[in-house]
Amino acid sequence: GVRTLTIGQAGETLSRIATVHTESTSVAGQGGFGAVMGSKKLKAISVSGSSEVPVAHPERLRELFRAVAAETRDLRRRDLSAMNEQLAQDGGGHARLTACTAYCPSPCRLEVTDVQGCQFDRKWSGALACVSGLFRGGGRMALYDWNVGFRGAFELNMHANRLGLNHWEILVGIVPWLRSAERAGLLNELNGQPLAWNDMAFWVRFLDDMAYRRGDGAALAEGGVRAAEMLNLGTEIVRRYYTGWGYSGHWDGHAAFVNYIVYPFWIPSAIHWAMDTRDPASSTHGYIQNVIYWGPFGNQYKRDEAPITWEHMKGIGERVYGRADTLDPLSGYEGKSVPAAYHALRSVMKDCLPTDDQVFPLIYSHKTEDRFCRVAGIDGPDVDSHLFRAGTGVDWDPIEFSRAAERVLNLERAISVRHFAKDRRMDERVLPSFSYDENWVNPELGQRMALERERFDPVMDHYLALRGWDQENGWPTRETLQGLDLEIYDEMIAGAAAASERLPELPPVAPVEDIHRYDPDRTDRVGPSKEEAAAE
């Protein structure tokens with residue numbers, strides 16, 4: 001009856017990439033929250049609950065749960081028989097699919113039990129999800145060309161969890177930077193040991209050194225951007241893998257090689273990265289991921305019996321965003337401010353409810369003629385507000401629910417302005433990470449595209465107009481804040497003035513060098529292979 005949140009060794013040593021873990025192996029991963037607990041000498045929080053959480057309308061809530069589950073539970077169909085046969089041959093163990101969070105009806109997480117370790121003489125049980133499968137390597141370009149096998153990957157996943165290290169930072173930021181420095185002849189060892197990416201012992205020492213801050217690991221524990229400066233190692237190379245704010249790439253089409261997305265669908269991602277203060281894609285998958293997963297370019301939710309065409313997508317764009325060009329692969333920059341504004345708000349809704357980011361908002365479906373999602377007679381995007389009403393008893397309609405999310409979003413922005421004078425000039429420091437050729441090619445266009453400022457600037461102008469924020473500095477206006485019953489404008493402006501006096505002038509941002517542009521290992525294929533899609 002006890003549930004625990006805990007940090008690992010990385011949190012105790014105040015690593016900036018330290019995580020907070022739950023017993024279900026879900027993680028507060030991005031942001032270094034493990035170090036926040038560690039700084040307070042707080043190892044864990046354990047709770048023994050004896051009461052139930054009151055729900056306003058439990059039967060209605062169950063009805064909605066069942067309806068959402070019926071719509072989404074089979075999205076990630078996957079046959080694990082071959083994997084289980086291989087585990088049996090390799091010493092035992094069993095894998096099955098489970099939900100990655102307590103409130104997700106669509107199982108995507110691989111739960112594995114009793115797998116014999118490769119480096120440690122023990123059996124492991126736990127879960128493997130999201131980016132953690134990249135511990136295996138497996139040949140995705142030269143950056144991921146090692147292969148420690150499934151058992152090795154699962155063991156490294158579990159060991160990194162126990163240490164409390166952020167897998168995304170390691171596998172999407174630090175390792176690609178180190179491998180690129182290695183290929184450039186700048187690096188051949190860490191802490192006196194040769195680089196041996198196929199060697200499990202090397203990987204275990206590599207992770208331990210970060211968690212315990214041993215030797216070079218003390219710098220790596222600060223995250224890739226700071227580590228490059230501290231070690232004076234590939235400081236220009238590292239920028240290729242870090243989109244902004246010290247965070248490695250995520251659904252940006254450029255820095256990260258693990259999220260297949262093509263122009264023009266990464267344009268809203270550029271807006272989200274600009275407007276946030278950290279990796280925004282922990283909760284903004286609704287457009288940038290799902291336009292690829294559900295649309296004709298994707299592999300994830302393909303259904304031969306009910307394919308989703310671009311005509312379907314454009315019809316859904318008209319219905320959800322009010323513009324067909326929002327989901328048109330040939331539309332360029334037109335209309336992209338609208339889904340950027342829409343999904344910034346949906347991100348707030350998901351975080352506050354909470355609902356699962358991989359499922360909500362419910363937009364697409366293979367079960368309707370027009371491929372637009374409807375659940376229990378409700379338009380998919382409105383299900384969130386119905387869940388809120390059933391759970392809390394607060395009788396908000398979708399418009400009032402959206403207005404509450406606008407309050408949260410404006411408060412977040414106002415806090416950033418008050419404390420750091422964050423403005424449009426600062427926001428757009430991330431744009432060089434989008435201003436070189438994308439990683440993949442839109443098959444409808446047949447050429448790589450890069451962000452063009454003269455075409456992007458009007459998109460940002462329109463985004464700010466949709467938010468009701470000043471177009472020059474990106475600050476919420478007095479009228480917008482007062483319209484949301486937030487009497488904080490004067491306080492925000494006073495704080496921004498004080499912050500401008502206190503903080504140093506930011507240096508210019510240099511262009512990011514695309515070190516893979518002439519890389520012979522880079523191909524011009526129009527999408528990931530079946531093997532890559534399965535790995536993702």
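**Ala494 has a relative accessible area of 47% and is partly exposed.** On this scale buried means under 20% relative accessible area, exposed means over 50%, and partly exposed lies in between (1.4 Å probe, protein chains only). Ala494 sits in helix H21, residues 489–502. Helices (H or I, at least four residues) and strands (E, at least two) are DSSP runs numbered from the N terminus. From C-alpha to C-alpha, Ala494 is 28 Å from Gly246 in space, and the two residues are 248 apart in sequence. The model is predicted: local features need pLDDT of at least 70 and side-chain atom pairs count only at pLDDT 80 or more, while totals for chains, interfaces and linings use all residues. Residues are numbered from 1 along each chain as its sequence is written, and side-chain values use heavy atoms, with hydrogens and water left out.

**Helices H11 and H19 cross at roughly 60°.** H11 covers residues 267–275 and H19 covers residues 453–467, and their axes come within 11 Å. H11 is therefore oblique to H19. The axes are lines fitted to C-alpha atoms, for helices over the stretch in contact, and the angles run from 0 to 180 degrees between N-to-C directions. Angles under 35 degrees count as roughly parallel, over 145 as roughly antiparallel, 65 to 115 as roughly perpendicular, and the rest as oblique. The crossing of H11 and H19 is right-handed. A crossing is right-handed if the near helix is turned clockwise from the far one by less than a right angle, and left-handed if anticlockwise. H11 contributes Ile267, Ala270, Ile271, Ala274 and Met275 to the contact, and H19 contributes Phe456, Val459, Met460, Tyr463 and Leu464. Contact means heavy atoms within 4.5 Å. By residue class, the contact of H11 with H19 has ten nonpolar residues, no polar and no charged. Here Ala, Val, Leu, Ile, Met, Phe, Trp, Tyr, Cys and Pro count as nonpolar, Asp, Glu, Lys and Arg as charged, and the others, Gly among them, as polar.

**Nine of the nine residues of H11 are buried.** The helix is mostly covered, and its buried residues include Ser269, His272 and Trp273. Asp427 of helix H18 (residues 424–427) touches Ala274 and Met275, and also Trp245, Arg413 and Lys422, leaving aside residues up to four places away in sequence. Asp427 is buried, at 1% relative accessible area.

**Leu431 lies in the loop between H18 and H19.** Leu431 is buried, with a relative accessible area of 1%. Not counting residues up to four places away in sequence, Leu431 touches Ala270, Leu451, Arg453 and Phe456. Ala270 and Phe456 also take part in the contact of H11 with H19. Leu431 and Asn161 are 33 Å apart in space, C-alpha to C-alpha, and 270 residues apart in sequence.

**Helices H5 and H7 cross at roughly 15°.** The axes of H5 (residues 149–163) and H7 (residues 200–212) come within 10 Å. H5 is therefore roughly parallel to H7. The crossing is right-handed. In H5, Gly152, Glu155, Leu156, His159, Ala160 and Leu163 meet Met200, Trp203, Val204, Leu207, Asp208, Ala211 and Tyr212 in H7. This contact divides into nine nonpolar, two polar and two charged residues.

Most residues other than glycine have a negative phi, and most peptide bonds are trans.

**Ala421 and Asp485 have positive phi values.** Ala421, which is not a glycine, has a phi of about 50° and lies in the loop between helix H17 (398–420) and H18. Ala421 is buried, at 10% relative accessible area. Asp485 has a phi near 60° and is found in the loop between helix H20 (478–483) and H21. Asp485 is exposed, with a relative accessible area of 55%.

**The count of disulfides comes to zero.** A disulfide is taken as a pair of cysteine sulfur atoms within 2.5 Å. Cys118 is partly exposed, at 37% relative accessibility, and Cys352 is exposed, at 53%.
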